[in-house]
Amino acid sequence: MENPYLPYPVRIKEIVTETEDQNLKTFKLLFVNPEDEERFSYLPGQFAELSVAGKGEVPIGIASSPTEKGFVSFTVNKVGVVTTRLHLMKEGDVMGVRGPLGNWYPWDEMEGKNVVIIGGGFAFTTLRSSIVYMLHPENRRKFKDITVVYGARSPGMLLYREELAEWEKRDDLSMHITVDATDDPQWRYNVGFVPTITKQKVTSAENAIAIVCGPPIMIRFTQPVLEELGFPPERIVLSLEMRMKCGIGMCGRCNIGEQYVCKDGPVFSLAQLRQLPGEY
Ligand SMILES: Cc1cc2nc3c(=O)[nH]c(=O)nc-3n(C[C@H](O)[C@H](O)[C@H](O)COP(=O)(O)OP(=O)(O)OC[C@H]3O[C@@H](n4cnc5c(N)ncnc54)[C@H](O)[C@@H]3O)c2cc1C
Ligand code: FES
């Protein structure tokens with residue numbers, strides 16, 4: 001049996017600074033041993049532990065889509081010990097990836113449904129993975145209408161700006177980009193908080209499932225909007241961010257009641273979360 005704590009060695013192929021404050025960078029990683037790419041088989045919503053020699057590991061959502069072959073990517077916010085060291089690494093450096101870990105968005109259940117994706121701030125990473133996955137020619141027909149609401153504090157804090165502009169132009173996706181505020185006269189998208197824009201742009205819950213990922217305050221104010229629209233708690237799906245260590249249900253660091261966020265999650269429906277003690 002393979003050691004589940006052993007990371008795959010990966011080489012940093014490309015680093016993209018995403019936001020104007022330079023605190024968010026996307027790392028495109030290539031597997032040093034090509035056969036590891038096959039072992040690292042994942043679905044959007046899953047995460048991995050990124051390991052940096054001498055500093056430790058951090059759980060990070062997978063930002064690439066399984067339909068993008070030859071690499072895996074992660075967008076990392078510089079907040080503390082490991083992420084600061086990671087931000088200092090250069091293209092060509094070798095680091096580790098352990099995973100894929102956790103569960104994924106309910107892809108089987110989403111087939112044949114309208115999909116509403118709601119994201120805020122840097123938690124958009126696994127939603128980016130989901131959008132790329134759904135838009136892939138082999139997958140697009142499996143889903144009905146796709147609506148995306150994505151917001152950030154300001155235009156310079158949006159992730160994946162080139163892709164957002166491309167998605168804006170497509171006619172098989174309704175894309176609603178928003179910022180909390182801006183004084184940029186060139187800004188041609190929405191201004192307003194994510195729950196407000198959701199209320200304006202999402203008109204029906206019929207045959208629809210909503211995936212919501214963002215800061216706790218955004219989630220708190222988006223939930224009632226979705227419920228008012230008629231989404232039952234079983235069709236509101238959230239991804240949780242907890243402090244984690246092992247990522248495989250062994251250390252007990254991340255449990256909420258009897259559920260381990262690292263193994264049983266991080267993806268839960270609102271109905272499931274309402275069954276849990278109110279720690280999340
Ligand atoms: C399933 C999952 C997916 C995640 N996906 C992403 C992602 O795509 N991109 C990204 O940038 N981050 C993501 N995170 C958060 C990321 O794991 C933490 O920011 C990271 O572990 C911080 O490590 P550090 O050593 O740099 O910070 P530390 O030195 O450990 O801590 C610095 C600060 O960050 C806070 N912090 C540490 N860990 C977490 C955590 N897990 N959640 C919230 N706050 C924390 C600490 O309280 C402290 O204030 C994810 C977390 C989980 C559990
Ligand atoms: S992080 Fe160890 S049990 Fe979840």
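Mentor: A polar contact is a pair of N or O atoms within 3.5 Å; within protein, one atom must be able to donate a hydrogen and the other to accept it, and residues adjacent in sequence count only if both atoms are side-chain atoms. In this structure, a backbone N or O atom of V82 lies 2.9 Å from an oxygen atom of ligand 1. A backbone N or O atom of G80 lies 3.1 Å from an oxygen atom of ligand 1, and for T83 a polar side-chain atom lies 2.5 Å from an oxygen atom of the ligand. The protein covers 75% of the 870 Å² of accessible area that ligand 1 has on its own; accessible areas come from the Shrake-Rupley method with a 1.4 Å probe, and for residues only the protein chains shown count as cover.

Trainee: On what basis are these values given?

Mentor: This is a predicted model, in which local features need pLDDT of at least 70 and side-chain atom pairs count only at pLDDT 80 or more, while totals for chains, interfaces and linings use all residues. Residues are numbered from 1 along each chain as its sequence is written, chains are lettered from A and ligands numbered from 1 in the order in which they are written, and side-chain values use heavy atoms, with hydrogens and water left out.

Trainee: Which residues come nearest to ligand 1?

Mentor: A residue is near a molecule or strand if one of its heavy atoms lies within 4 Å of it. There are 19 residues around ligand 1, of which P59, T75, N77, V82 and T83 come nearest.

Trainee: Which elements supply at least two residues of the shell around ligand 1?

Mentor: Helices (H or I, at least four residues) and strands (E, at least two) are DSSP runs, numbered from the N terminus. Here β4 (56–61), β5 (72–77) and α2 (81–88) each supply at least two residues of the shell. The largest share, four residues, comes from β4.

Trainee: Is S51 buried or exposed?

Mentor: Buried means under 20% relative accessible area, exposed over 50%, and partly exposed in between (1.4 Å probe, protein chains only). S51 has a relative accessible area of 13%, so S51 counts as buried. The residue is placed in strand β3 (residues 47–52). Contact means heavy atoms within 4.5 Å; leaving out residues up to four places away in sequence, S51 touches P7, G56, E57, M95 and G96.

Trainee: Which residues of the largest nonpolar core touch the most other members?

Mentor: A nonpolar core is a set of buried Ala, Val, Leu, Ile, Met, Phe, Trp, Tyr and Cys residues joined through side-chain atoms within 4.5 Å. In the largest one, of 36 residues, Y105, M110, F124, V148 and W167 touch the most other members. The largest share of this core, six residues, comes from α4. Apart from it lies another core, of 28 residues, among them V149, V261, C262 and L270.

Trainee: Why is α4 described as largely enclosed by the rest of the structure?

Mentor: The description applies because 11 of the 11 residues of α4 are buried. Among them are R128, I131, V132 and L135. These four are also in contact with W167, whose partners beyond four places in sequence include F124, L173 and M175 as well.

Trainee: Which peptide bonds are cis?

Mentor: The bond from G99 to P100 is cis, with omega near 0°, and P100 is in strand β6 (residues 94–101). The bond from G265 to P266 is also cis, with omega near 15°; P266 lies in the loop between β14 (259–260) and β15 (267–269).

Trainee: Where is Q22 found?

Mentor: Q22 lies in the loop between β1 (8–17) and β2 (24–31). Although not a glycine, Q22 has a positive phi of about 65°. With a relative accessible area of 52%, Q22 is exposed. Y160, another residue other than glycine, has a positive phi near 50°, but Y160 is buried, at 7%.
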